[in-house]
Amino acid sequence: MPIDEIKPTRAGLLIVRRRMALAERVHELLSMKLDGMMLELVRLTDRAALQRRELEELYTRAREMAAIAAMMEGATGVLLAALSVETVPTYTPGHKNVFGVHLPDLEPVAVRKTLDQRGYGVLGTSSVIDDAADAYENLLEAIIASAELEGGVKQLLDEIERTRRRVNALEFKVIPELVEKRRIIEDQRDEMERQEWTRLRRIKKIKAKRAEKL
């Protein structure tokens, strides 16, 4: 029932009071959720910044190792070693629940490989190929970890904005409107009671006068 349609009756007053209690409880819960998400956002943002710096270092390291491998084995040798890997690295998407928000949880799959899984053979290449492969596997794992953290930050920011709008709507619109409606109903009920009391008093006087005439 829209708030404007609530009648100034005892039942209407009970409806308003119940809605106020519910709105205040929801406001309290959402405010607690908002505080928790803000703390989690700070934690994730700090981790994402650290991960980003590590990612840059690993990228530089991988480029250097690739350059060394190309110098030692030749560009063709590096390319053949890369093409010999049969299993494509990927990740398994999942999620974890934090304050009711589904944050990404990415699990690397077939990123780190043994010498056998790399497929190019131990005897056919030098250790620089292995060093380059290790460097790029480390880089790829860092990319997946960074994507998980960055995605979590974005999800939290979106949910924080939605929750803040709901908190503000309750705090500055819904609850004040209910408070005002309760005041209006209570004032109207008080006025109706005064009118009823006046009416009954007038009737009592009329009856008393009639009784005197008899």
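Which residue forms a salt bridge with Arg162, and how far apart are the closest N and O atoms?

Reply: Arg162 forms a salt bridge with Glu159, and the closest N and O atoms are 2.8 Å apart. A salt bridge here is a side-chain nitrogen of Lys or Arg within 4 Å of a carboxyl oxygen of Asp or Glu. The model is predicted: local features need pLDDT of at least 70, side-chain atom pairs count only at pLDDT 80 or more, and totals for chains, interfaces and linings use all residues. Residues are numbered from 1 along each chain as its sequence is written, and side-chain values use heavy atoms, with hydrogens and water left out.

Arg162 and Glu159 are separated by about one helical turn because they are three residues apart in helix 3. Helices are DSSP runs (H or I, at least four residues), numbered from the N terminus, and helix 3 comprises residues 127–213.

The two partners may also be described by their relative accessible area: buried means under 20%, exposed over 50%, and partly exposed in between (1.4 Å probe, protein chains only). Glu159 has a value of 15%, so Glu159 is buried. Arg162 has 41% relative accessibility and therefore counts as partly exposed.

With Arg164, the bridge has an N to O distance of 3.8 Å; Glu161 and Arg164 are three residues apart in helix 3, about one turn of the helix. With Arg165, the closest N and O atoms are 3.6 Å apart. Glu161 and Arg165 are four residues apart in helix 3, so about one helical turn separates them. Glu161 counts as partly exposed because its relative accessibility is 37%, and Arg164 likewise counts as partly exposed, at 33%. In total, the structure holds 14 salt bridges.

Helix 3 also contains Glu137. Its relative accessibility is 9%, so Glu137 counts as buried. Leaving aside neighbours within four places in sequence, Glu137 is in contact (heavy atoms within 4.5 Å) with Val111, Arg112, Lys113 and Arg118.

Methods
Helices (H or I, at least four residues) and strands (E, at least two) are DSSP runs, numbered from the N terminus.
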